Amino acid sequence: AGQFAVFGHPISHSLSPRIHQAFARQFGLELSYQTIDAAPAAFASAVREFFAQGGAGANVTLPHKTAAFEMADVRSEAAVRAGTANVLTPLPGGRIAAHNTDGAGLVRDITERHSVDLRGHTALLLGAGGAARGVAWSLLDAGVHTLTIVNRTPETADALADAIGDPARAHTRYWEDLADLGAFDLIVNATSAGVLGKSLDLPFAVVGNRALCYDLSYGAAATGFLAWARTAGARYAFDGLGMLIETAADTFELWHDKRPDTDPVYAELHQQYG
Ligand code: ATR
C-alpha cells in the first residue's frame, strides 16, 4: 500500500511508525513507514525528494510543522487555521497538499476515549505557539463555553485571539494574573516547556473541581504538568498519547480510506509510555 514516512528533528523515538504499522495490520495492508531526520534547512527538499521517489504521504512533527504548511500548494481549512501542518500528501503534477489533524485528534481523545463532554466547559489554553494554534479552533468547535488564552509572551496570545475573531468566547489574559482568573474546567498545556525540560509556574487556583488537565506532549515531557495537575486536585490528568494515536488514525484514513480501531493501539502503547 505504499511508502510513508514521518519527518522530524530529532525523530528516532517517534511512535508514528509503530502506530501506522499497527493500523495497517488491522486491514492486512503491507506498507513501509520510515522515520526521516531532516535538519530545518533540508526539510522541504527532503520531502520533495521522498515524494519524487514514490513516497505516498508524510507526517511532519517538530520542528517542521510551519515549514510543512508553507511548502504546500493546497491547504485544508484545519491547516490554514493552525498555520501548521502535520500531514503532507503528494498530488498529481508534483503539487503537495497540507492538512492538520491535531485539533480533531485532541477533541476525539477527550470526548470519545475519555468520555468527557466539553460542551459548556471553561477552557484555559496555556501557550500560543504552533501546538496551541493547532487545537484552539477545535476546542471551540467542541463547544467549550470560553477559551482563555494565556502565554508567556502576551502578544502571541493576542495574535491567536485576533485570528480566532470571536471575542465573546476567545480572549487573552496575562500569565502573571493566572491566580486571579478563577477555576477552569479544562486546562490544556500547549507550551513546549516540558519538551525543553522546563517547569511551568502555575497556581493551583486555576484547577476547578471537575477539571480535566491535558498535556499535548506525552511521556517524560508531560510528567511535570500532570504531577502538578494531580496535586492541584484535577479530576482527570491526561497526556497526549491518545491525541497522537487519534491524529494518526485521521491521517491513516486520509491515505488509505480505511478507519482504524485506535483502542488496541492505545492500550498497548499506554502500558509502555502512559
Ligand atoms: P510548538 O510548536 O511546540 O507550539 P512554539 O510554536 O515554539 O512550539 O511554541 C512554544 C510555546 O511554548 C509558546 O507559547 C512559548 O511561549 P512564548 O511565546 O512566550 O515563547 C511556550 N513556552 C516555551 N517555554 C516556556 C516556558 N518555560 N514557560 C512558559 N511558556 C513557555
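Trainee: Where does Ser115 sit in the chain?

Mentor: Ser115 lies in the loop between helix H5 (102-113) and strand S7 (122-126). Helices (H or I, at least four residues) and strands (E, at least two) are DSSP runs, numbered from the N terminus. Bear in mind that this is a predicted model, where local features need pLDDT of at least 70, side-chain atom pairs count only at pLDDT 80 or more, and totals for chains, interfaces and linings use all residues. Residues are numbered from 1 along each chain as its sequence is written.

Trainee: Is Ser115 buried or exposed?

Mentor: A residue is buried if 20 or more other C-beta atoms lie within 10 Å of its own, exposed if 12 or fewer, and partly exposed in between, with C-beta atoms placed from the backbone. Ser115 counts as exposed because it has 7 C-beta neighbours inside 10 Å. Asp257 is exposed too, with 7 other C-beta atoms within 10 Å.

Trainee: Which peptide bonds are cis?

Mentor: Among them is the bond from His9 to Pro10, with omega near 5°; Pro10 belongs to the loop between strand S1 (3-8) and helix H1 (16-26). Another cis bond runs from Leu62 to Pro63, with omega near 0°, and Pro63 is in the loop between strand S3 (55-60) and helix H3 (65-71).

Trainee: Back to H5: why is it described as largely enclosed?

Mentor: Nine of its 12 residues are buried, so the rest of the structure largely encloses H5. The buried residues include Leu106, Val107 and Ile110. Contact means that the C-beta atoms of two residues, placed from the backbone, lie within 7 Å. The cover over the buried residues of H5 includes helix H4 (77-82), H6, strand S11 (207-215) and H9.

Trainee: And which residues come nearest to the ligand?

Mentor: A residue is near a molecule if its C-beta atom, placed from the backbone, lies within 6 Å of it. Of the 16 residues around the ligand, Gly129, Gly130, Ala131, Arg152 and Thr153 come nearest. Helix H6 (residues 130-141) gives the largest share of this shell, three residues.
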